[in-house]
Amino acid sequence: MYRAVLASIILMWTIPVSDATEGPSSHSTSKRYNVLFVAIDDLNDWVGCFGGNTQVKTPNLDKLASEGGMVMTNAYAPATVCCPSRSALLTGVHAHRTGVYGNKNNLKNAPKARDLVTLPEYFSQHGYHTLSMGKIFHRHPLPGENGSHKSDAGQWAFDEYHNTLGGIGPASKERPVNGLPNLPSEKPSYHYHAFDWGPTALNDAAEMLDYKTASWAAEQLQTRDFDGKPFFMAIGISKPHLTWYVPQKYFDMYPLDKIVLPKTLATDLDDILDHNGKRVYEPSTAWLRAEKNGRHKEAVQAYLATITFVDDCIGVLLRGLAQSRYADNTIVMLWGDHGWFLGEKLRYGKTQLWQESCRVPLMVKVPGVTPKDKQCTGVVNLIDLYPTLIELCDLPENPVIDGRSFAPLLQNPDMEWNHPSLTNGCSPGFYRVYDGRYSYISNRQRGAEELYDHERDPMEWTNLASNSEFAGIKSRMKALMPKTDEPKSPENPDG
């Protein structure tokens, strides 16, 4: 029934556009929806229309919501770091089936993933012109000839792949720019170098890499007809990924004396124990560094500033679409690849399987289908994007992929939709299942279990896994875990 309704909507797009429409070949109109597929790196729910932080300024994302970009408030990542999350949603197959668990696992080197047809390839095979700029797939170094190095950024998946246009660095030449000293015991790691922030050399957003990417995409929408084909355009915004270097004007929007910090609990990690009764997790070194030096407000300020910069980039992109001939027949699917901790669980960063790293922003606008200014609480996962888009665009089903299409939910957002969501950790046997109320986390290697009731404990402060009153719930949730784990695929030693 849903496909029949959808088909009647798609039929509207067979009507030729007006001769007054600007741009080349204005008589050419797609019979299918176009797709604008927008990825934002390391963005959590600190977006105005998602309510994750009441101080954040995101007028362009909020405008998208008010104009039909449905806010999916219960959307979750298939993994909590970039590569496995993106690899899963782009292949439509979970990490426990492919072995792509971490950032060093290139899906093209994974025996169970290398031959899967990715989402842009599937659209290309079915008559779409696919093009991309920015981070969509996770980037991996490739050995080149004569000692040079090339990068695999998934360019092979698109009809057109364009390199980003470069940007500007921080005003200060000192490192770290924020002057935050490392802990005496801290070993070199990613956060050892990257947990840094400060203003850029120029106080001009237009000189930033992400702004240039958004401007490029807007230009494509306004000047091209894509050879008369419908298009699948994938645009990757790299911020708010570390480092948080953005123009000073964005920092000025968030005075330090007005910053409100997320709620934390000093004993938060004390009830998560392994099979020997020892505590599994410790505060992250980045959090300890900020705690020791009293810099939590500065870190939160920098993340907020970077989000507002990202929002300006999204504004450029969406205005480009609105002013193009494609405004009324283009699906906008905007997503973050995983969440991010800003002090919750005594950490900064991602990974782990708690709510702040698993929950993602997801907005979907389908012309003629999604209502304006609407929030949907149905539980969905980014693994569902692949089947949802191919249904919306009336493409054949792909029987290989995981996930389920939530296209019916976009038309009827108040319907019951509570399918449990699975998130893979960074190693085999490490999983989280969320069913709309309870989250259950199993770390088989450590022999640790966690169970949280989000109705009574949204911050996941009280682990109920050892509470006999919840044994039945734990058993039910445990039964939803994968029964087998594909071994981790070969790792690229360089990342």
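The model is a predicted one, in which local features require pLDDT of at least 70 and side-chain atom pairs count only at pLDDT 80 or more, whereas totals for chains, interfaces and linings use all residues. Residues are numbered from 1 along each chain as its sequence is written, and side-chain values rest on heavy atoms, with hydrogens and water left out.

Helices (H or I, at least four residues) and strands (E, at least two) are DSSP runs numbered from the N terminus, and two strands are taken to pair if DSSP finds at least two bridges between them. On this basis, 8 strands form an open sheet of mixed pairing, in the order S7-S4-S9-S1-S11-S14-S2-S15. The edge strands are S7 and S15 (375-376), each of which pairs on one side only. Within the sheet, strand S2 (residues 70-72) and strand S14 (residues 362-365) run antiparallel and are joined by 2 bridges, with Met70 standing opposite Val364 in S14.

Helix H12 (residues 385-392) packs on this sheet, where contact means heavy atoms within 4.5 Å, and touches strand S1 (34-40), S9, S11 and S14. The direction of H12 makes about 175 degrees with that of S11, axes being lines fitted to C-alpha atoms, for helices over the stretch in contact, and angles running from 0 to 180 degrees between N-to-C directions. Helix H7 (residues 209-223) has 15 residues and reaches 21 Å from its first C-alpha to its last, close to the 21 Å expected at 1.5 Å a residue, the expected span being 1.5 Å times one less than the number of residues. Among the buried residues of H7 are Asp210, Thr213, Trp216 and Leu221, buried meaning under 20% relative accessible area, exposed over 50% and partly exposed in between (1.4 Å probe, protein chains only). The buried residues of H7 pack against strand S4 (129-133), strand S7 (160-162), S9 and H10.

A further open sheet, of 4 strands with antiparallel pairing, has the order S17-S18-S19-S20. Strand S17 (421-424) and strand S20 (448-453) stand at its edges with a single partner strand each, so one side of each is left without a neighbour in the sheet. Neighbouring strands of this sheet are turned by 15 degrees against each other on average, direction ignored. Four bridges are found between S17 and strand S18 (residues 430-434), which run antiparallel, and Thr423 stands opposite Arg432 in S18. Helix H14 (residues 471-478) packs on the sheet, touching S18, strand S19 (438-443) and S20, with its direction at about 65 degrees to that of S19.

The structure holds 22 aromatic pairs, counted where ring centres of Phe, Tyr and Trp (its six-membered ring) lie within 6.5 Å, with planes under 30 degrees apart classed as stacked, over 60 as edge-to-face and the rest as tilted. In one of these pairs, which is edge-to-face, the rings of Phe231 and Tyr326 are 5.1 Å apart centre to centre, with 85 degrees between the planes. Phe231 lies in strand S9 (residues 231-237) and Tyr326 in the loop between helix H10 (296-322) and strand S11 (330-336), so the pair ties together parts that are 95 residues apart in sequence. Phe231 is buried at 0% relative accessibility, and Tyr326 is likewise buried at 6%.
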